[in-house]
Amino acid sequence: MQRDDLTNRVTNQVMSRGLMQSTRVARLTLLSLAGLLALSGCGGSETTVQDANPNSGAWQWNLPAFFPVPRVPDSNPMTFEKVELGRHLFYDRKLSGNGTQACASCHQPSKAFTDGRALAVGSTGEVHPRNSQSLINVVYSPTLTWANPSLLTLEKQMEVPLFSDHPVELGLTDANLPQVIGRLQTDPIYAPLFQQAFPRDAQPFQIQNIIAAIASFQRSLISANSKFDRMQRQEAQLSASEKRGMDLFFGEKAECFHCHGSFNFNNQVVHAGSRFVETTFHNTGLYNLDGKGAYPTDNRGVFELTERLSDMGKFRAPSLRNVELTAPYNHDGSVATLEDVVANYAAGGRLITEGALAGDGRTNPHLDDLIVKIDLSQAEQADIVAFLKALTDDTIATNPRFANPFATRASSTAGQSSATRTP
Amino acid sequence: MPLALAALLASPALLAHPNLEPTAQGAVQATLQLDVRRLNVDSQTSASLPLAGVAPLRQDDWLYGRSGFGLRSNRTLYGQNIDVEAAWAYSDQEQKLLADHIRLGWQIQPQLRIDLGRMNPLPAEQPATWPVADLLMQGLLGDDHWHADGAMLQYGTTAQRLRVGAFRAPAYRGGQGQDAGQNISNVALWSLGANTTYRDVNVSAGLLHVPDLIRESTRDNSDVPLPHTHDTDISACGRSLTCVDGNANLVWLGSRWKPTESAFSVAGYAMWRQERGVINGVNGLVDYQGDLYGGLVDVGYAWTDRLSMTVRAETLSIQHEIKGLNARVVARDAGLLDNDVTPKRFGVLFSYALPVMAQQRVTLNAAVIEDQTRPESELISSIGLVWRAEPTLWPR
């Protein structure tokens with residue numbers, strides 16, 4: 001009996017303690033609940049972003065939210081001084097062997113840094129096999145030129161226009177290089193520019209520094225102010241036709257995005273955060289000279305480097321930003337208008353019925369799998385063209401950071417052409 | 001307020017999330033439910049919340065979600081008390097009938113019980129269902145219901161109970177079950193919960209832990225189409241997809257106060273979810289800390305045994321901290337950058353229970369909700385009908 005009383009007493013105590021504990025738990029939980037409720041009710045929503053910016057130093061990219069930070073080689077970090085020197089060199093004809101051309105001769109701001117020609121023409125008048133490419137957003141290109149998978153940096157690429165002898169572009173040689181550098185040294189503009197850009201060099205007038213400065217300027221040529229960009233920033237609205245074109249562009253019918261789908265509207269993109277870089281090249285069925293897929297000699301794409309038949313006619317998909325300004329089109333400038341470009345893709349390749357280049361590109365055996373006939377009406381093709389024109393950044397030609405530094409002086413004094421500066 | 005109506009207002013959901021109390025010993029009970037509501041709303045989908053991998057919810061004119069059927073049985077087998085439940089419910093979000101609950105419960109001892117199968121993994125009370133999903137569930141899951149496959153051990157009585165659960169992938173969106181061959185736990189979600197009832201107050205709390213989270217973050221908050229690929233070789237986080245990769249924890253608290261002799265009732269819920277890790281994106285790999293706070297309060301008033309009203313206020317606070325190279329672009333890719341709206345909803349729900357036959361309930365409801373989840377607020381109005389029958393099939 002006593003044992004039962006004791007058991008009951010212990011049980012009651014335990015239950016009583018349990019009840020007290022549960023009451024305490026309830027109070028604590030209610031307090032926590034009130035705290036969390038207050039926290040959720042009072043605290044607003046917020047996204048805090050801390051964006052690292054390597055190799056940029058004090059350089060400000062001024063990128064929109066949808067552009068990644070560009071990759072810059074450790075050996076040539078961005079500085080304002082180098083970019084400014086590079087801008088001067090880019091527009092100066094002193095940098096060609098015979099003093100007739102500057103980089104800007106083939107890369108003019110008003111044409112999104114192309115030249116408007118079907119095929120580029122070098123400083124000696126030699127016609128190039130390929131169309132000048134835009135330099136806008138070139139900092140995001142993992143490979144450079146139309147069809148060279150091994151040309152990976154702007155510094156390395158620049159040796160081609162400077163020193164190439166087949167075809168000649170700016171026409172620098174070992175023989176005339178001292179003379180070209182001498183022209184720069186005797187120009188009073190350049191001494192402070194070179195010293196500020198390369199303060200650690202006792203003798204900054206070196207070809208490596210010239211290349212580094214121009215590469216820095218090229219990296220600064222970023223465009224992100226098209227109507228499409230402003231739409232993304234909710235500052236503009238696309239027209240109905242542009243919107244339909246955008247839906248076709250990114251949709252499964254036209255499928256343009258497969259090769260032009262990045263923020264830069266191409267499929268070869270590199271930036272500071274890149275871990276996987278795709279460097280794909282495509283045969284878009286422009287030619288089929290022999291029925292076996294041949295392209296015109298000296299213009300056969302990646303094949304010229306690899307000599308693999310599967311690389312016949314493979315070229316890089318260019319960025320479509322500012323494509324309205326970069327006519328004529330394709331690697332050889334053989335397509336005059338955007339309407340024709342879209343029509344070729346809708347047909348699944350180009351049919352040339354007569355002449356030396358006759359052939360049915362649609363049946364090219366090396367045609368990229370992505371190039372197939374698309375049942376696009378004329379209205380749909382017009383919508384795609386309308387969307388492509390919404391990728392034009394009208395501020396490129398007027399952006400003072402991109403502009404010819406000699407233009408104001410030349411036009412106000414000697415009445416020279418403002419395109420470039422003569423030696 | 002009649003018990004039926006009280007249960008209707010207080011239960012986490014009608015068919016989708018029944019409580020885990022067994023039916024009467026030896027009984028086989030069926031559940032049939034039709035839940036139809038018509039929404040009058042400008043937008044066919046809810047606002048896209050700036051949360052990784054949370055899609056908008058359907059807000060079509062007509063919704064049928066939670067309609068379905070189920071069976072429950074409670075038998076003694078080999079001297080052991082076993083109850084079995086199987087329930088299928090229509091999901092508005094997935095637009096199909098889902099096996100929502102398939103569960104076997106074993107009452108090991110009077111206060112010890114284990115449930116195995118598909119069930120709600122959150123071991124705490126959730127808000128009553130409304131015509132549109134509450135913000136807490138929408139923020140947590142991008143869905144209006146939660147079920148997962150696993151086991152839950154319960155100890156205690158109805159008044160005071162402790163619950164421990166372990167669930168396999170995908171118990172939580174993006175929760176990963178490690179390969180058992182790697183000798184790592186195959187559990188994608190751990191849960192711990194407790195509830196206690198003292199006089200008129202019921203309090204419950206739950207903790208969830210997701211040890212390994214990899215969730216694709218689909219950007220839905222922009223009308224700019226996203227490029228995509230059909231190449232499955234590069235359809236991976238960091239290549240063509242942007243994903244949150246890390247772990248997640250959730251604290252959930254619920255409390256309900258319903259005095260016996262009062263027409264008023266109050267229920268409050270709060271949650272805090274934290275996700276920690278990285279965002280593995282097409283444009284970079286950046287550090288990520290995400291916090292989601294949510295709060296919901298229901299105040300109910302019953303005029304008569306059949307007619308009642310509930311006023312609801314709910315809110316979310318969404319906070320992201322993203323650091324690293326290309327953090328801004330990655331945040332945008334993940335749909336987390338545009339985050340200047342603190343979602344809120346305020347609503348009132350009227351319910352009227354019709355007098356009908358035994359083992360059936362028919363409730364008419366009407367709701368008006370001011371939705372402030374977009375930059376401009378929107379009014380959602382709804383009328384609906386819930387018919388629920390729970391016939392006992394055996395013994396007759």
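Predicted model: local features only at pLDDT ≥ 70, side-chain atom pairs only at ≥ 80, totals over all residues.
B:Pro395 sits in the segment after strand 18 (392-394) of chain B, where helices (H or I, at least four residues) and strands (E, at least two) are DSSP runs numbered from the N terminus. Residues are numbered from 1 along each chain as its sequence is written, chains are lettered from A and ligands numbered from 1 in the order written, and side-chain values use heavy atoms, leaving out hydrogens and water.

**Another cis bond**
- A:His166 to A:Pro167 is a cis peptide bond, with omega near 0°.
- A:Pro167 lies in the loop between helix 4 (154-163) and helix 5 (177-185) of chain A.

**Cysteines**
- There's one disulfide over all chains, a disulfide being a pair of cysteine sulfur atoms within 2.5 Å.
- B:Cys237 and B:Cys243 form it, with sulfurs 2.0 Å apart, and the link is left-handed at -85° about the S-S bond.
- B:Cys243 is buried at 1% relative accessibility (buried is under 20% relative accessible area, exposed over 50%, partly exposed in between, with a 1.4 Å probe and protein chains only).
- The sulfur of A:Cys256 is too far for a bond, because the closest cysteine sulfur, in A:Cys259, is 9.3 Å away.

**Positive phi**
- A:Glu255, not a glycine, has a positive phi of about 60° and is partly exposed at 27%.
- A:Phe265 also has a positive phi, near 60°, and is buried at 1%.
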